[in-house]
Amino acid sequence: LPPGGTLSDVRFVFPVVHPRLWWCTGYGKQELYDFTLTLKCGKDISAQTTRTGLRTIELTTNTVEYDGQMAFILNGKKIYMRGANWIPCDNFLPRVTTEKYYSLLKNAKDCGMNMLRVWGGGVYEDDRFYNICDSLGIMVWQDFMFAGGVYPASVHFMDIAGKECMDQTERLAGHPCVSLFCGNNEIAEGWMNWGWQKEMNYSKADSLALVAEMLQLDNGIRLVMKTNAANIPYWPSSPSTGWGHKEAFEQGDVHYWGVWWGMEPFSAYDDHIGRFMSEFGFQGMPDMRTFFDFTGRKALSLNDADVISHEKHPKGFETINTYMARDYPVPSSFDDYVYVSQVMQADGVTRAIEAQRHTRPYCMGSLFWQYNDCWPVTSWSSVDYYGRPKLLQYRLKEAYAPVMMDVLQKDDTAYVYIVNDDTLLHTGVLGFRWMNMAGNNERYGINPFRVPAEHSRLALILPFKLLEDSVDRTKGFLELVFNYENGKVLKKTVCLTSDRNMQFVKDPGISFDVSQDPDRKNEFTVSLRAVSYAKDVFLSLDDPSATFSDNGFDLIPSEETDVKITTSLNEDELKRSLVIKSMNQVK
């Protein structure tokens, strides 16, 4: 620039020859480039460096022919989104450390998530969040922070809202992880379905004026997107239609709350599958160590004021108890109740995910509510405030694995699906064993099977009658094993009736051995086995910092399961302190 010159906006476009593209986790590397811009004005020199990735991102609903499908296309490849909703991870934002961000996001990646939705009722996250998502390959659905209400269209409000959207798109649009900007959370659904007009006694003229104001805000956001983020898809409101309407499951995204809010059974997940499931979920209580942390006591009950105050849903415990009484034993002890609530949450949410995934390409996204928490509380999260995983978090490693098995139980028949999100064909052998509680085979069979890349296939149909000719469903369980190339194994164990009806052996005879890692003195391997089938085996230690590689798994007689434990306890203390629980023993 010449001396005294001014510059408000300059844009440079230059080619990158043979670019190394940024991919989400599971599809390629997270290639990032450093770009440096140097500005010289006389003797003054200013330079700024930014790190970003090169990729294209599209949404099928932004194209002319999509037949109602809502799918993300990254670098020309249509990808099934596996993930969750993200809320602020602390009520006091300055307390959130880089280590907490990284731990949560790394755990999300490790359990198979490739997308997180930053919910519009929270905050625009810190730069560290997006930087880590860039590096880990986690795609971000970014809501604008408008949620659950009608916003005014006054000159003052539109001015500050416009500045907010401009600032945030300028800050975030350069992150390769940011894959969608969404106008708001549940405003369209609230207006159409929640009775605001009647509750607020709006006249027809009032309603028309408010609709015009909502459209004005949406139009303002669209102008900002066109200026700052034209290459990133925009979605006006999530969900596009409320779950009480048939069309909600035929196009766009849907928040399905028939389970939980609508008190529908978990089986309703099998029949309520939309094109993109951006919210669904069920509550589970946090880890017992978390209760100890915020109450300072170990003797607790559901009637304790501290326990009640850490559940903000007005009918939360009532809802949990209703679902538990339907299909599970309702324990008398508090710690058993916490355990069963986590088993129930894991069963419900993974049932939804598996049902959704096996319908691909009809459904192309599963984002459950919710991944993390902002305080220690009974909630829908899979990881509690202190980063302690609930049983759902462990179960997600199977539900969100690239190759997954779903067993749909309908009309007294088990339909076994294998889902392949990989980019390669998988060929192998699928076997089933119908066993009694002692692990003896009552029925078995093997079949060759292949599932194409990025497809779902029905692999096996098992009528209950065929199995129950040998042993009643209350006294048997089904094991399915898919052995495929390179020695890979996919396993799933299924009961064909509710836990409440199952006739488990009360003492399954669980035993274990412990071995210490010679190089890491605080790491141990616990090898577990059982005499009879043990369901949802749960391990705990009297160590608030202990971590487990797996938890909430089934033990099959004659099969051994290894769990790696990190703890401050020594080997003798671990053996004395280790508590093993299963659904068999719950009273």
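Q: Which residue of β22 does V514 stand opposite?

A: Strands of a sheet pair through backbone hydrogen bonds, either parallel or antiparallel. In this predicted model, V514 stands opposite V526 in β22. The strands β21 and β22 run antiparallel and are joined by six bridges. A hairpin of six residues connects β21 to β22.

Q: Which other strand pairs with β22?

A: β22 also pairs with β26 (residues 561-566), in the antiparallel sense and over six bridges. In this pairing, L528 stands opposite T561 of β26.

Q: How many of the seven residues of β22 are buried?

A: In a regular strand the side chains alternate between the two faces of the sheet. For β22, five of the seven residues are buried, and the strand is mostly covered.

Q: How many aromatic pairs does the structure hold, and why is the pair of F129 and Y130 edge-to-face?

A: The structure holds 35 aromatic pairs. In the pair of F129 and Y130, the ring centres are 5.0 Å apart and the planes stand at 85 degrees, so the pair is edge-to-face; the cut-off for this class is over 60 degrees. Both F129 and Y130 are buried.

Q: Why is the pair of F504 and Y533 tilted?

A: The ring centres of F504 and Y533 lie 6.2 Å apart and their planes are at 45 degrees, so this pair is tilted. The pair links distant parts of the chain, 29 residues apart: F504 is in the loop between β20 (488-494) and β21 (511-516), and Y533 is in the loop between β22 (523-529) and β23 (534-540). F504 counts as buried because its relative accessibility is 11%; Y533, at 0%, counts as buried too.

Q: Where does the charged end of R326 sit?

A: The charged end of R326 sits over the ring of Y323, 4.5 Å from its centre. Y323 belongs to one aromatic cluster, whose members include W243, F249, W260 and W380. Elsewhere, the charged end of R275 sits over the ring of Y362, at 4.0 Å from its centre.

Definitions and conventions: Residues numbered from 1 in each chain as written. Predicted model: local features only at pLDDT ≥ 70, side-chain atom pairs only at ≥ 80, totals over all residues. Heavy atoms only, no water. Phe/Tyr/Trp six-rings, centres within 6.5 Å; stacked < 30°, edge-to-face > 60°. Buried < 20%, exposed > 50% of the residue type's maximum accessible area, 1.4 Å probe, protein only. Helix = DSSP H or I, 4+ residues; strand = E, 2+ residues; numbered from the N terminus. Lys NZ or Arg CZ within 6 Å of the ring centre and 35° of its normal. Pairing = 2+ DSSP bridges.
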